[in-house]
Amino acid sequence: MAVPYAPIAVPRMEVVLGHRTIGCAVLTSGRTRRLGLRIAPESGLVVTAPQGTGEQAIQAFLERHRRWVLRWTARLDGETAAARRWPYGPTLLYRGDAHTVLVRQAPASGVALTRGRRLLVSARAGSLESARRILRRWLMDEASRVLAQRVEVLGAQMGTEARQVYVRNLRARWGSCWPGGSLSFNYRLIMAPPAILDYVVVHELAHLRDRSHSPRFWAMVAGHAPLLHEARRWLRTYGALLSV
Ligand SMILES: [Zn+2]
């Protein structure tokens with residue numbers, strides 16, 4: 001009998017600090033030696049801990065960093081709770097739409113995109129880490145397929161052609177243009193709405209004509225990406241949420 005798909009997410013716990021109850025995700029790993037803390041819009045507050053760390057140890061750790069925790073959770077409260085992404089929340093963005101992630105243990109790993117906006121992940125280990133790795137690989141393949149297509153279509157409209165298209169896990173950029181006519185793109189663009197991905201493609205294609213950000217360059221971009229200003233604002237606001 002087949003194992004059903006089920007939600008899988010980073011476990012959460014609630015901790016009382018002063019007068020406030022703070023929710024945090026607890027990410028344990030056999031490779032982690034010491035307790036650590038981080039906070040980001042897509043994850044909220046995350047405690048990283050060695051395997052087998054008890055709730056009391058986590059509570060005491062947060063108590064020691066109480067000022068830092070309260071300051072940053074206050075700053076990120078409200079709007080970010082709704083923005084949390086899988087595995088810190090239930091859904092992951094794919095082409096701008098929230099998709100529910102469900103995982104099951106299966107002999108062959110893969111991802112299926114189904115009706116009702118669901119991403120069904122089959123993983124041999126069925127663990128969070130393997131599901132994450134499989135999803136990243138799938139997103140990378142999807143990004144490669146879609147970006148190659150859009151570079152071709154938009155390049156034809158603009159009368160330019162890229163020599164090579166690379167899709168990578170870029171750390172700090174959405175795209176870049178190399179001398180010789182190659183373009184690189186960040187695979188996380190596949191999570192953004194199609195118009196946002198198109199804007200980045202148009203931006204890099206325009207660099208094949210003009211390496212600078214001159215008025216002539218921006219006029220060229222505006223001619224082919226009419227939502228240019230909205231797209232730049234969207235990436236500044238939500239760019240950090242495009243992660244898995
Ligand atoms: Zn640029």
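1. Angles under 35 degrees count as roughly parallel, over 145 as roughly antiparallel, 65 to 115 as roughly perpendicular, and the rest as oblique. The axes of helix H5 (residues 194-207) and helix H6 (residues 215-224) cross at roughly 140 degrees and come within 9 Å. H5 and H6 are therefore oblique to each other. Axes here are lines fitted to C-alpha atoms, for helices over the stretch in contact, with angles from 0 to 180 degrees between N-to-C directions.

2. This is a predicted model, in which local features need pLDDT of at least 70 and side-chain atom pairs count only at pLDDT 80 or more, while totals for chains, interfaces and linings use all residues. Residues are numbered from 1 along each chain as its sequence is written.

3. On the H5 side, the contact is made by Val202, His203 and Ala206; on the H6 side, by Phe217, Met220, Val221 and His224. Two residues are in contact if their C-beta atoms, placed from the backbone, lie within 7 Å.

4. The chain has 7 helices and 12 strands. These are DSSP runs numbered from the N terminus: helices are H or I of at least four residues, strands E of at least two.

5. Of the 244 residues in the chain, 28% are buried, where buried requires 20 or more other C-beta atoms within 10 Å of the residue's own, with C-beta atoms placed from the backbone. The C-alpha atoms fill a box of roughly 60 × 50 × 35 Å along the principal axes.

6. The chain is divided into domain 1 (9-83), domain 2 (91-137) and domain 3 (140-241), with bounds from an automatic or database domain assignment. The centres of domain 1 and domain 2, taken over C-alpha atoms, are separated by 25 Å.

Technical notes. A residue is buried if 20 or more other C-beta atoms lie within 10 Å of its own, exposed if 12 or fewer, and partly exposed in between; C-beta atoms are placed from the backbone.
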